[in-house]
Amino acid sequence: MLSVQLQALLWIGVIVIGFLSVNKSTYANLFNTPARQTGVFACALVLALLWRIKAGILPGLDLHILGITAVTLILGWRLAILSCVLATALLTAFGQIAFELIAVKLLISAFIPVLLSYFVFMLCYHYLARHFFIYIFVCSFLTAGVVACVNIILGGVFYYAIGEYNWHQLTENYIYLSPILAFPEAMLNGMAITVMITYRPHWVKTFFDKDYLGS
C-alpha cells in the first residue's frame, strides 16, 4: 500500500513530465492531421494490448512487453507520452490497473522508457553514422532491450525502497528475469520499426530518408 505522500510525489512527477511534453506546434499538427490522430490512438491500443498480456511472480511486479521504443520512434517523445497516457487510461477503465498504481506505472513503465528511448535516439542521431542499419539495430533493437532491463530494475528498486519486498526476493524472483525479457522486447520493437520504415517510412516521425537512405 503506497502512502499518500508517496502517491502525491509520484503524481507530481507524472504531471511535470506530462506538462513538459505538451508543445503547441506538436498538438496543433495533431489536431489538424487525422492521420496523426489515428497513429496516436492506434499506438495507444497496441500498448494497451501488450501491457494487458502480462505475467508476474510478485504482486505489483508484472512482466510484459513494453513496446515503448517503437512507439517513441514512430510518434516522437511528446506524442508517445500522450499515447502511453491513453493506454493507461484504457487499462484503468477496464480494471487492469489499480488507481493507486497509475502514477507508478506511468513513470516506471511508460514515461521513463519513452524518455530513455528518445535520449538514445538523439545520441545516435548526433554522434553515430546516420545509416539505415544503425537506426534499426541501435535506435530500435538494442535500445528496446536496454529499456526492458531498465524498466524491470527500476520497478525492483522502487518496491525495495518502499519496503514492499526485500532485495533477495526481488533479485531471485524478478530482476534476474530482465535479460530474458530483453530479447523478445528487442525483437518485437526491431521488427515493428523495420516493417514501418520499409513500407510506411512517412509514418515514422524520427526516420528521415535524406539522412538514413541518402548515403
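How far apart do the end C-alpha atoms of residues 6-23 lie, and how much of the span is helix? Select them: the ends are 28 Å apart, with 89% helix and 0% strand. Before going on, note that this is a predicted model, where local features need pLDDT of at least 70, side-chain atom pairs count only at pLDDT 80 or more, and totals for chains, interfaces and linings use all residues. Residues are numbered from 1 along each chain as its sequence is written, and side-chain values use heavy atoms, with hydrogens and water left out.

Now try residues 65-94. Their end C-alpha atoms lie 19 Å apart, and the span is 83% helix and 0% strand. Both spans come from the UniProt annotation "transmembrane region" (unreviewed entry), which also lists 35-53, 106-128, 134-162 and 174-199; such annotations may be inferred rather than shown by experiment.

Next, go to I12 in helix α1 (residues 4-21). Helices here are DSSP runs of H or I with at least four residues, and strands are runs of E with at least two, numbered from the N terminus. Show L9, V16, F19 and L20 as well: with I12 they make a nonpolar surface patch of about 550 Å². (Patch residues have over 30% relative accessible area and no salt bridge, and nonpolar side chains are joined within 5 Å; areas are Shrake-Rupley with a 1.4 Å probe; a salt bridge is a Lys or Arg side-chain nitrogen within 4 Å of an Asp or Glu carboxyl oxygen.)

Strands β1 (residues 55-58) and β2 (residues 61-63) run antiparallel, joined by two bridges; strands pair if DSSP finds at least two. A55 has L63 as its bridge partner. Of the two residues between the strands, pick G60, with its positive phi near 90°.

Last stop: the largest pocket, about 520 Å³. Of its 21 lining residues, G39, A42, C43, I74 and M196 lie nearest the centre. Colour α3, which gives the most, with eight residues.

Notes. Patch = residues over 30% accessible without salt bridge, like charges linked within 9 Å, V, L, I, M, F, W, Y side chains within 5 Å. 1 Å grid on protein atoms, 1.4 Å probe; cavity = no way out; pocket = protein on both sides within 12 Å on 5 of 7 lines; lining within 4 Å. Points joined across faces, edges and corners; volume = space filled by probe spheres on them.
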